[in-house]
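Here's a quick tour of the contacts inside one chain and between two chains. Have the model open as you read.

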Amino acid sequence: MKFTKGRLLEKAKEISTPRARRMSMTINKTDFRKSMKKLVDSEGFKHLSTITGIDVGPKIELIYHLTRENLVLSLKVKTSKKNPVLPSIVNLIPGAVLYEREVHDLLGVTFKGNLDLSPLLLPDGWPSDVYPMRKEWAPQDIRKAMEKP
Amino acid sequence: MATRIPFGPQHPALKEPINFMCEVSDEKVLSVRPRLGYIHRGVEKLAENRTYNQNLYLIERICGICAFAHVTCFSQAVEEILNIEIPSRAKYIRTILAEMERIQNHFLWLGDVGHEMGFNTLFMYSWRDRELVLQLIENISGKRVNYAMNTIGGVRRDITSMIMPSLKEGLNHLEERAKYYTEMCTKDPTVLRRTVGVGMLSPSDALELCAVGPTIRASGIPRDVRADDPYAAYEEIPFKVITYDGRDVASRLMVRLDEVLESISIIRYALDNLPNGDVRVRVPRRVPKGEAVSLVEAPRGEDLHYVRADGTEKPVRVKVRAPTLANIPTLCKMLIGENIADIPVVIAGIDPCIACAERLVFVDTATRKRWMWNKQELRKYATKWYRKK
């Protein structure tokens, strides 16, 4: 590997390399935008495989799966569940546009800077406060909410 | 005068319903907006409520064509969290089936794209040949689709020496057919006129929009998970990453045809060098706390599964990103500037499980006049338009 762990992102925490070609690190929400810019512009992580959103209780954790040559990096960032807002990375990686919309649909995270956050996966007329991938929504509750007139 | 044309979303004849809202002026496409979700089944949510073993069957049913790729990807992620190494014979069998799946997918796609360009003979021929691959897969697994071969810890069935001769014979025949198609697709005027220079995608756009699979490789970028992040037995088997520089549908065609030949040579190597030993190891039902990102080169491109476990029998999160989603922004880019007549071929070009749209509503924004065309009518229109040209 061309870099040492510390140099890739100075402010990263919980850095781990679970196996060859895999790396995972956590970043604060405030440093997110800057870190992402550094990773894309100077570290060569141009390919975003997807964004995974996970409901972890009071927060929503987002994992950006970035790839460069032979390294798959999972960049984790957390945002509060009450007001889940994160800066969009569409201007850094245009390919992120649908992934952000997907997370917005299913977990209700708003990406500031993504101009089109209209429903991508959920049907028109979906109740506005139902985010199916949040843990408080059990499959049967989602069905009930859908069937409400 | 701009006209909006909604492409899709659904009809029983479509393999996957999707909607593209195309804005066109005369014959040219100006902008495209995708709308998905018509068959969003909530698989990720369902997976959180099932055990790892039950999930194998759920994940296998995400797609009927690249089922094996998905289930391999999921199994690999769980195996990584469990920290187990599967036997090398199992790795080879996974590779063999993955490549067979690639061959059947590419033959299926070849027929589809032939159908979209109004070349139904190609469709009939390639689907006939695809039957042979399905038979070979059935010989190994007992099933034509959703083979249920994978399990966490290896594979469920062995490849015995008894079926080896029939596999090798089948491969010889497939190789002959693939070579025939390669020759035909480089010479046939119908194919050339409908694919060369159609649906252009520059390498910089492909990279920016995070394209995957044959779509990006046809723009000259050698991105292939099998080489970049080797799994199963790909580290031990020699193979080439196929790229073409044409950037058009014709290159996507050639990438796939060459990949069929490459797959055949991978399978041959794997069959000749199949290690002895067990095909699976026993694994515990509970998966310890942990997470894993698993990548697989599905026939349509990079497939990603992310699994997070908390020590129980059920996963906390299973995230699936199939290659088609990654190629949709690219597809929208390719369509811009294309002729209406080329929309079906370009959409088929990324192999999205949706070849085209069945129901179109044409709206003239100036007069508010609406009319409808179905897939056959659009195809007829496209053929006529090309004849005049």
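## Two domains in chain B

Chain B splits into domain 1 (2-39 + 326-388) and domain 2 (43-321), with bounds taken from an automatic or database domain assignment. This is a predicted model, where local features need pLDDT of at least 70 and side-chain atom pairs count only at pLDDT 80 or more, while totals for chains, interfaces and linings use all residues. As for bookkeeping, residues are numbered from 1 along each chain as its sequence is written, chains are lettered from A and ligands numbered from 1 in the order in which they are written, and side-chain values use heavy atoms, leaving out hydrogens and water.

The C-alpha centres of the two domains of chain B sit 28 Å apart. On the domain 1 side, Val345(B), Asp351(B) and Tyr386(B) supply 27% of the buried area, more than any other three residues.

There's one salt bridge between the domains, where the term means a side-chain nitrogen of Lys or Arg within 4 Å of a carboxyl oxygen of Asp or Glu.

## Chain B against chain A

Now for the other chain: 38 residues of chain B touch 46 residues of chain A. The two chains bury about 3300 Å² between them, with 52% on carbon and sulfur atoms. In chain B, Arg35(B), Lys45(B) and Cys210(B) lose the most area to chain A, together 18% of what that side buries.

Nine salt bridges cross between chain B and chain A. One salt bridge pairs Asp229(B) with Arg22(A), their closest N and O atoms being 2.9 Å apart. Elements of chain B that supply at least two residues to the side touching chain A include strand 3 (28-35), helix 1 (43-48) and helix 12.

Definitions and conventions:
Buried area is the accessible area (1.4 Å probe) that two parts lose on being put together, summed over both. Contact means heavy atoms within 4.5 Å. Helices (H or I, at least four residues) and strands (E, at least two) are DSSP runs, numbered from the N terminus.
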